[in-house]
Amino acid sequence: MADDRGTTAGARSRAGKILAPLAALAAFFALWQAATALLHVNPAILPAPTSIFANIVHQRALLAQYMEPTLVEILLGFGLAIAIGVPIGTLIVFSPAAHRAFYPLIVASQMVPKVAIAPLFVVWVGVGLPSKVLVAFLISFFPIVVSTGQGLAAVDPDMIKLFKSMGASPMRTFVKLRLPVALPSVFSGLKVAMSLAVVGAIVGEFVAANTGLGYYLLFANGQLDTVGVYSALFVLTLLGVVLYFAVEVVERAVVPASFRKSEEELSVTL
Amino acid sequence: MPTLAERPTTVQGSRIDVRGVTKEYSSGGATGSRVLGPIDLRVEAGEFVTIVGPSGCGKSTLLSIVAGLTKASAGEVAIGDARVAGPYTDLGIVFQKDLLLDWRTVLDNVLLQAEVRGLDPRAYRSVANELLALVGLDGFQDHYPRELSGGMRQRVAICRALLLDPPVVLMDEPFAALDALTREQVAMDFADIWLKKQKTVIFITHAIAEAIILADRVLVMTPRPGKIDLELRVEIPHPRSMLVRETPEFAHYATEIRKRFEANGVLHQHGR
């Protein structure tokens, strides 16, 4: 698709889009570094960013090895949440009976503290991968259900009338009208769900695990290895950010450009 | 695909008959509150009928019932020989909102009419282009709706309604959201198309001047529950221009309608 913003002004603003957050990040770390040095903060409480980065580089093989199961848990939990959340969100819109029957249950399932039932999952499916996937799924599927439902229901009733008068079948109305209208909303749900899936996987690992970044984090904490804790946190944060933007890349490919919310609109809604 | 000019008018057999139609909304109790009717109405094939009435008189509901999009509480509608039961699809509708799909170009919005029915949109490209040219949108085919003004968007909606050359066109206050100047221009453009293609048209509006200028026949409705209160045949020859408003005949029709509105309490005089 042709992008009409390929001008020099456009290129400048795009460079600004990348430079601005990088500059802010650099300033944040600089401030942190300066604070630890000038205030003589005990490294066991708040280590300097440089020592954390050094540790990450030093332990990179181990961290990569521990990142892999965590990544798999996140992706499986997130995938399961899409596979189940999107159909349920759709069902709720099209069947008032299903809405009445299931919606309170779904809301109730969100009120149960996931951290509290995570140990139960271990009892049910063991300490392996499934218990973490289950937590990641449970914590991330709700925003998908809600955003899918909201998106599909957001269609102008007059638009439905128009489609009926054009002889559209329910399936055609779904594909040509409801789905495109719903996509932006579905994707904002997916982005929330992705960040929650990361939380879910770590919560799962906190409860019982012998691998994963959550386990590494707990282990380092037990050793009073603050630098190790921060290293795991950094890697985890980076992983979450990459996954979040992966969803955004897919969104850009799937949601028509002319229909995507502009950044100004988004900043207002957020 | 034949061009627009070559295609025969498909207007025969598109007479609209509305017989004893009412609409009631039950509000819990046994007796519902009536918002419309009873309405008895015949629109001859190729006739342009405008319906004027105050807000809330049920005129949009009437149009929706004719299109089979709303169920009447009593009575029936027939188009040609077919009784309308469920959405009637051999027609074009233009609503007050243009209802364009933001993610489709102008051309693709017009072609939606074919696509949604499972027809090959490519076969209708030339017709769509001709229609767009007819309403002054040549060259805007690849623009997106957000790049167009309100008047241009509504013109696209009209092209979408006309793509398959339907014998019947229903219009529900189609120009109400436009500014006065644009409104006149789009109205005259549509009158032009109607003259060329002789559709059977029901056109809802609350603008008296618009109702007279476009119509073969103006129907005036009472406040809720809306009934047909006055029927005026407009004996001004087509094609008409906006200058028609300066003629005594026009003034006469407008006065008739105003008087009826005053009698019904829709309009009232001040300080005289």
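How many residues of chain B are in contact with chain A? The legends below begin with that view. This is a predicted model, in which local features need pLDDT of at least 70 and side-chain atom pairs count only at pLDDT 80 or more, while totals for chains, interfaces and linings use all residues. Residues are numbered from 1 along each chain as its sequence is written, and chains are lettered from A, with ligands numbered from 1, in the order in which they are written.

**View 1. Chain B meets chain A.** Here 16 residues of chain B are in contact with 17 residues of chain A (contact: C-beta atoms, placed from the backbone, within 7 Å). On the chain B side, 10 are nonpolar, 2 polar and 4 charged (nonpolar: Ala, Val, Leu, Ile, Met, Phe, Trp, Tyr, Cys and Pro; charged: Asp, Glu, Lys and Arg; polar: the others, Gly among them).

**View 2. Domain 1 and domain 2 of chain A.** Domain 1 covers 1–41 and domain 2 covers 47–269, with bounds from an automatic or database domain assignment. Domain 1 of chain A gives 6 residues to the contact, and domain 2 of chain A gives 4. The domain 1 side holds 4 nonpolar, 2 polar and no charged residues. Taken over C-alpha atoms, the domain centres are 26 Å apart.

**View 3. Helices H2 and H4 of chain B.** H2 (residues 106–115) and H4 (residues 150–162) of chain B pack at about 35°, their axes 7 Å apart (helices: DSSP runs of H or I, at least four residues, numbered from the N terminus; axes: lines fitted to C-alpha atoms over the stretch in contact, with angles from 0 to 180 degrees between N-to-C directions). Val106(B), Asn109(B), Val110(B), Leu112(B) and Gln113(B) of H2(B) meet Val156(B), Cys159(B) and Arg160(B) of H4(B). By class, this contact has 5 nonpolar, 2 polar and 1 charged residues.

Notes: Contact = placed C-beta atoms within 7 Å. Helix = DSSP H or I, 4+ residues; strand = E, 2+ residues; numbered from the N terminus.
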